[in-house]
Amino acid sequence: MPGLGTSFGRGGATTAQSDLANADAILIMGSSMAENHPVGFQWVMEAREKNGATIIHVDPRFTRTSAMADIWLPLRAGTDILFLGGLINYVLTNDKMFREYVLPYTNLSTVICEGFRDTEDLDGVFSGWDDIKKRYDHATWQYQNVETLGYDEGHYGGGGHGKEGTGTSHPNGCERDETLQHPRCVYQILKKHFARYTPEMVEQGSGIPKEQFLKVAEAFTSASGPDKTAAICYSVGWTQHSKGVQIIRSAAILQLLLGNIGRPGGGILALRGHASIQGSTDIPTLYDILPGYLHMPFFKSGHNNFNDYILRHKSRKGLWFNYDTYFINLMKAWYGENARADNDWCFDLIPKLTGDHSHFGYWLDMREGKMDGLFVLGQNPAVGASNGRLERTALSKLKWLVVRDMVETETASFWYNSPEIERGELKTEDIATEVFLFPAAGTAEKAGTFTNTQRLLQFRELAIHPPGHARSDSWFMYHLGRRLKKKVEGKVGKRYEPLQKLQWNYKTEGPLKEPSISQVLKEISGWDLTSGKQVSGYKELKGDGTTASGCWIYSGVFPAENLNKALIRSPKNYLGHGWGFSWPNDVRIIYNRCSARPDGRPWSERKKLVWWDEEKQEWTGIDTPDFDKKKRPDYQPPEDATGTNGLAGDKPFILNADGVGWVFAPTGLMDGPLPTHYEPLESPLHNPLYRSHDTNPPEDKKIRPDNEYAPIGDGRFPYVLSTYRLTEHHTAGGMSRTLPHLAELQPELFCELSPELAADLELVHGEWACIYTPRSVIEARVMVTPRMRPLWVQGRTVHQVGLPYHWGYNGLVKGDVTNDLLPISEEPNVRIMETKALVCDIVPGRRATGPEALKQWKAHKEEAA
Amino acid sequence: MTTTAFLTDSTLCIGCKACEVACKEWNELGDDGHTWTGLSYDNTGAVGHSTWRHVKFVEAAPLLGFGGNAPDLASWTFSSDVCKHCEVAGCLEACPTGAIVRTEFGGVFVQPDVCNGCAYCVVSCPFGVVQKNSDDGRAFKCTFCYDRQKEGLQPACAKACPTESIKFGDIDELKLAAQVRVEELQSRGMQDAQLYDPTETSVKGLHAMFITRGDPKQYNLPPNPEVPTVYLESAWKSSALAAGVLVLGGLFAFLGSARR
Amino acid sequence: MSDPIMNLSNEYTPKGWKPRKEARLEEIKEQAKEFGTVEAKGVVPAGAPFPKASPETGYYGIPLLKQPQWKPEIPIYFFVGGASGAASVIGALAHWTGKDRQVARDARLVAAAGAIISSGLLISDLGRPSRFLNMLRMFKPQSPMSMGAWILAGFGTFSGAAATAQILSDRLGFGPFRILGNVAEGFSALFGLPFSNYTGVLIGATVIPVWNHNVRTLPFHFGMSGINAGVSILELMGNDSSPGLNRLGIISSAAETYEGIELEMKRDPVVNEPLKHGASGWITRMGGVLSGPVPLALRLAAEFTGKRRSRQLRQIAACSSIAGSLLTRIGWVRAGGVSAKDWRLPLEETKRPRVQKSQSREDYPHMRKIS
């Protein structure tokens with residue numbers, strides 16, 4: 001998400017899935033869209049059938065998506081930046097840039113300050129790298145002549161999700177060179193940075209044959225210009241890497257250079273890995289952001305107060321000028337009358353970050369016995385998280401564990417049924433954790449919204465009451481909150497204030513006393529506290545405490561008393577207006593100012609979306625304009641103008657302080673302003689580009705005895721392993737391995753490998769094999785298929801093995817937990833684990849059971865390479 | 001009542017199995033057992049009494065045109081199999097109880113309240129579709145969502161299919177659409193695209209047609225399906241001959257022997 | 001490949017990569033290119049087998065057709081039905097020619113008993129036995145099973161009536177019973193004619209290749225088998241000195257012998273394999289031998305020996321024929337099951353499987369053996 005957030009301003013897909021039908025070329029990478037977003041894939045098919053679009057799929061495996069694509073390129077897992085960098089190099093070398101778009105709409109012409117040094121200068125790191133603290137100081141990445149606030153401790157602790165391009169950079173008077181000749185303008189830096197990403201390098205590093213690469217490069221880059229657009233779709237295959245954010249950045253740079261952002265049939269479609277994960281980052285369950293991608297405040301002495309917080313994040317220009325307004329509205333929604341200007345809107349009551357409180361952050365604390373209790377709601381980390389062995393052992397250190405789910409997941413049963421119990425590493429009688437398993441309501445048994453991958457909110461009404469004691473999560477949370485509030489009533493002390501001052505007066509409905517979801521949604525959308533009426537959008541929110549909104553980006557979903565836009569189902573056009581509500585403001589393709597020329601006319605008739613109506617003196621078009629409706633295209637802001645008024649009429653990226661798309665990201669990311677190829681944390685090969693740095697320098701490997709890594713080129717683990725999903729199962733399998741007619745579709749865990757590797761190792765199709773990594777060993781059925789191919793990389797044959805991860809030890813169909821093989825690692829920005837590229841060994845035969853399995857795994861680890 | 005039909009265009013199938021699951025959910029069918037076959041991603045094998053839509057995964061010889069262009073790579077195509085609802089249906093002709101009927105929509109339907117499980121339809125289907133459920137006792141197959149069609153809805157599988165690979169509609173319109181589509185595919189370089197609708201056999205055509213790439217045999221679509229009624233003439237002739245031998249032989253045997 | 005801009009410092013070799021093996025493979029490839037053949041054995045070429053779907057291998061060798069789902073009751077029914085149907089005709093003929101009253105009397109009982117047992121067997125095979133009367137909802141000439149249901153209904157009614165009339169007229173000596181019995185006997189024979197052999201039509205007119213390939217001879221074969229069994233049962237009931245029965249038995253076992261020889265002599269089409277190989281093949285062949293040459297020889301011998309000896313021979317022939325008839329039905333039904341599993345047959349281009357060389361199953365070792 002920060003990949004998109006830093007580049008464009010918002011961390012979300014830039015377009016709607018139905019818009020893919022307008023594309024002239026679609027690159028699907030880091031995703032098997034046909035398998036994991038089959039409904040969305042229909043529009044890719046439409047593009048192919050009706051538009052004659054070229055569909056390109058780049059993936060280590062030939063999947064069901066590849067079968068539908070025009071061209072499939074095999075890729076060594078973990079070398080995505082090499083490929084994308086190769087495309088960027090191709091664009092720059094062959095002058096394929098869409099110049100008329102790039103110059104006004106991106107920061108390609110902006111000059112960077114003098115102290116900046118590229119990875120090409122420093123053999124793998126940018127300037128500002130502190131090798132001891134293992135992090136970057138961004139001071140030398142800034143624009144020339146622009147003041148910045150330096151980065152602070154909290155930012156390193158807190159990572160940086162979503163919204164970026166913010167107040168830490170105030171680009172007043174940044175220098176630009178429209179001729180692109182200045183040696184420190186972004187264009188020149190970009191050229192130098194990607195100079196070595198030639199087609200030969202791509203072939204050497206990722207195994208893609210040169211002619212194939214050039215064919216794809218030509219096909220994709222020629223779908224650019226006033227008349228053509230191309231889209232990129234990606235998913236978890238890009239995000240779950242040690243440099244995932246940078247991979248996405250490469251795609252963003254490519255799309256900006258080709259002029260595809262904000263235009264029909266273009267953009268970057270981030271395919272989120274779950275039906276409502278977009279919603280879970282918008283109204284986040286993430287530790288480091290607040291609803292609407294506001295920052296979670298961090299603890300640092302001297303900077304604990306509200307004013308410092310706002311100063312840090314408010315920018316003078318662009319939408320984030322209203323940062324304080326959005327924050328205040330959130331506080332009013334949470335604390336109601338208790339939040340006032342004189343108490344800094346209850347800023348003191350929000351918990352402050354003191355470090356890494358991400359999933360792995362606190363889970364490792366849990367492993368050390370530092371946590372008392374845990375709620376696990378609709379999640380199954382015993383199967384879904386990396387290093388299952390560590391995860392499940394950590395659970396045994398808790399005093400109490402609450403699991404809410406529709407079935408007894410592996411997380412809930414870890415104490416009597418798990419590989420650790422089987423191997424004797426944990427004994428049930430020694431585990432002191434008290435486990436509470438609550439039945440949860442299913443989708444049709446509760447009301448609520450989903451926010452899908454294209455930022456679309458869809459409200460679901462309750463169809464049938466849940467059976468027995470099953471209850472929805474909202475019921476649980478509401479009544480838990482109510483009881484906790486009752487417990488602290490009348491108590492004195494600062495630690496009780498957050499609960500006491502929390503506004504928790506939701507109406508309840510129905511025989512089960514469910515909290516009114518409509519009321520919650522209304523609160524999220526926002527209302528005027530003086531009149532009691534709903535606001536129509538975030539533009540009506542005020543920073544004086546007279547309005548409240550639980551999430552400013554959702555503001556407008558419930559604009560009037562009986563108008564729930566998330567509930568309506570009458571689509572008017574191909575973008576789906578009239579069906580649900582797309583944040584922000586029901587814009588379907590964000591940054592759509594880009595779909596018009598700087599003077600306001602559409603780029604072409606074929607690719608028109610939003611344009612300036614000279615008669616009505618406003619922006620109009622097929623989509624809701626993601627722009628000030630009345631701002632003229634030729635508007636030039638006065639010197640001291642603030643907010644979006646401080647941005648000119650041809651600056652489409654209204655969340656960025658300079659209003660342009662960031663090809664070069666001066667702030668917001670922990671691991672560099674430009675993407676660089678690094679090897680995955682475990683790889684058979686060294687980085688072909690840089691001697692001194694094989695892997696992403698700021699990556700946190702969390703090395704511990706129970707989280708070991710194989711050094712690069714480790715002979716014990718010579719094959720590349722990649723994990724992935726199948727259409728037939730749902731994540732950790734709780735909802736699919738427990739239903740007979742779903743379980744039968746893919747009943748057993750299997751690994752996919754090439755016929756060449758099978759012949760080499762005498763693996764027989766249909767038999768069993770053991771897969772070893774430094775973390776664990778599992779067994780799987782062998783599927784020999786030509787869809788996996790050995791790659792010729794840097795003079796060696798590299799074999800890749802694929803494993804789906806859906807199986808666990810509960811359910812109708814069981815299997816080993818694939819994620820036991822993965823290490824816990826934290827990407828520097830979002831702290832996500834690397835699951836897509838690691839190393840393994842594979843041996844025919846079955847895994848031993850019981851304590852023998854541990855011995856088997858250790859023996860393999862200890863054998864000489 | 002128009003005659004409706006399926007046109008399953010395998011070139012649009014992404015192998016997601018939504019049709020298989022939608023059918024099972026709508027008709028409340030159970031599972032067929034949880035065995036891993038190792039045959040590509042197909043763990044079902046064939047349609048049967050508890051699976052009425054079945055997605056086939058064909059890993060085969062390379063296909064030019066689209067779908068993985070590496071020359072030495074096996075291609076991967078998907079096709080959703082279903083009861084063919086033959087114009088002249090073997091199961092219907094064979095059913096002695098009259099349980100199997102032709103509905104007003106032209107589909108072939110097994111009435112579950114009449115079927116007594118004689119299993120003669122099972123050996124009369126040239127496509128191996130209908131099967132008896134030994135636990136239940138009756139024979140089952142795709143109903144063409146007769147209950148849904150009566151309410152003006154599409155069959156569940158067609159509804160669920162995200163890419164409209166399963167097309168549902170008036171049979172004449174679909175036949176025309178199929179022709180147009182095959183021509184279009186061939187003009188795009190896919191010479192091996194073809195329509196599977198064996199109108200020249202005794203089955204006289206299907207109400208569930210398929211557009212496939214490559215030889216239909218690799219999808220287990222037989223080149224010459226025959227309704228077993230074509231064998232009746234020879235069979236009854238042979239029976240008559242046997243009867244004749246019995247009578248004449250018996251007459252000869254008794255007349256030519258002494259009284260006893 | 002030296003490339004100064006790259007950092008090549010990798011020191012591992014893939015497991016199992018043996019330089020000598022690779023070199024040997026190269027050598028063999030050169031040989032093949034130059035000479036067109038390779039004599040040497042040696043290297044397993046890279047690439048392990050995996051299941052393929054193709055016009056040659058079908059859909060991974062998964063059979064298209066469904067297996068017959070009949071229980072063991074069905075082949076037994078074929079046997080019982082054939083015997084009792086034939087018996088009713090034999091009895092009627094014996095009665096009308098006036099040559100063998102005892103045979104005629106016994107035949108009525110055999111026919112009636114056969115009808116009752118047949119009905120029991122059929123009803124027990126049904127998935128929903130309580131709905132057996134649904135068989136009579138329709139009269140469908142194009143369905144051999146429908147025809148069979150009605151034939152059985154007719155046969156059962158009239159053979160039952162004939163036997164009952166006989167028993168009653170024996171007990172009560174009531175004249176009209178005898179007449180009614182004779183009328184019933186006539187109709188019973190009329191229904192018995194098809195009843196004795198229609199089961200050949202039943203399985204011949206199906207999609208199962210080994211059955212429909214032999215559809216021209218199957219009803220005749222079953223008919224002769226039925227005569228064989230009917231004659232034999234009547235003999236074992238004490239009519240083993242009836243000359244008519246022996247003659248009829250010679251005719252039927254001669255026909256069975258001819259059928260068996262013809263089947264064996266047909267050049268070996270793939271379709272008829274289940275009748276000659278595997279368990280189904282053994283059973284069918286055994287049935288053929290016990291129905292054909294064995295009783296033929298014994299009966300012929302019986303024609304030319306003395307009374308006592310002749311009766312003994314005929315009793316053995318009768319047992320052999322009964323066993324043979326039963327085994328024949330069992331064999332054919334089993335063969336049908338095997339035939340349905342042969343994935344190659346439905347995919348053949350020709351309308352009727354022609355006589356052709358058997359495809360080698362060794363080409364597809366990962367497919368299950370068909371047996």
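This is a predicted model: local features need pLDDT of at least 70, side-chain atom pairs count only at pLDDT 80 or more; totals for chains, interfaces and linings use all residues.
## A buried cysteine in chain A

At 0% relative accessibility, A:C751 counts as buried.

A disulfide is a covalent bond between the sulfur atoms of two cysteines. How many disulfides are there over all chains? A:C751 is in no disulfide, and the nearest cysteine sulfur, which belongs to A:C840, is 8.7 Å away, whereas a disulfide requires the two sulfur atoms to be within 2.5 Å.

## A histidine in a loop of chain A

A:H677 has its place in the loop of chain A that runs between β23 (618-621) and β24 (719-724). Is this histidine buried or exposed? Its relative accessible area is 0%, so A:H677 is buried.

The side chain of A:H677 makes a polar contact with the side chain of A:E679, at 3.0 Å. When residues up to four places away in sequence are left out, A:H677 touches A:G78, A:T79, A:I81, A:L82 and A:Y197, as well as A:N687, A:P688, A:L689 and A:Y690.

## A lysine in a helix of chain A

A:K332 is found in helix α15 of chain A, which covers residues 323-335. This lysine has a relative accessibility of 9%, and A:K332 therefore counts as buried, since the cut-off for that class is under 20% relative accessible area.

Which residues does A:K332 touch, if those up to four places away in sequence are not counted? They are A:E337, A:A339, A:W345, A:Q503, A:L529, A:G545, A:T547 and A:A548. The C-alpha atom of A:K332 is separated by 58 Å from that of A:P209, a residue 123 places apart from A:K332 along the chain.

## Chain B as a whole

Chain B has 260 residues, of which 66% count as buried, and its secondary structure comes to six helices and ten strands. Along the principal axes, the C-alpha atoms of chain B fill a box of roughly 85 × 40 × 40 Å. Among the contacts in chain B between residues at least 6 apart in sequence, 61% join residues at least 24 apart.

The accessible surface of chain B comes to about 8,800 Å², and 54% of this surface belongs to carbon and sulfur atoms. Chain B carries 22 positive and 30 negative side chains, and the centres of these two sets lie 6 Å apart.

Definitions and conventions: Residues are numbered from 1 along each chain as its sequence is written. Chains are lettered from A and ligands numbered from 1 in the order in which they are written. Side-chain values use heavy atoms; hydrogens and water are left out. Helices (H or I, at least four residues) and strands (E, at least two) are DSSP runs, numbered from the N terminus. Buried means under 20% relative accessible area, exposed over 50%, partly exposed in between (1.4 Å probe, protein chains only). Contact means heavy atoms within 4.5 Å. Accessible areas come from the Shrake-Rupley method with a 1.4 Å probe; for residues, only the protein chains shown count as cover. Lys and Arg count as positive and Asp and Glu as negative; His and the chain ends are not counted. The place of a charge is taken as NZ of Lys, CZ of Arg, CG of Asp or CD of Glu. A polar contact is a pair of N or O atoms within 3.5 Å; within protein, one must be able to donate a hydrogen and the other to accept it, and residues adjacent in sequence count only if both atoms are side-chain atoms.
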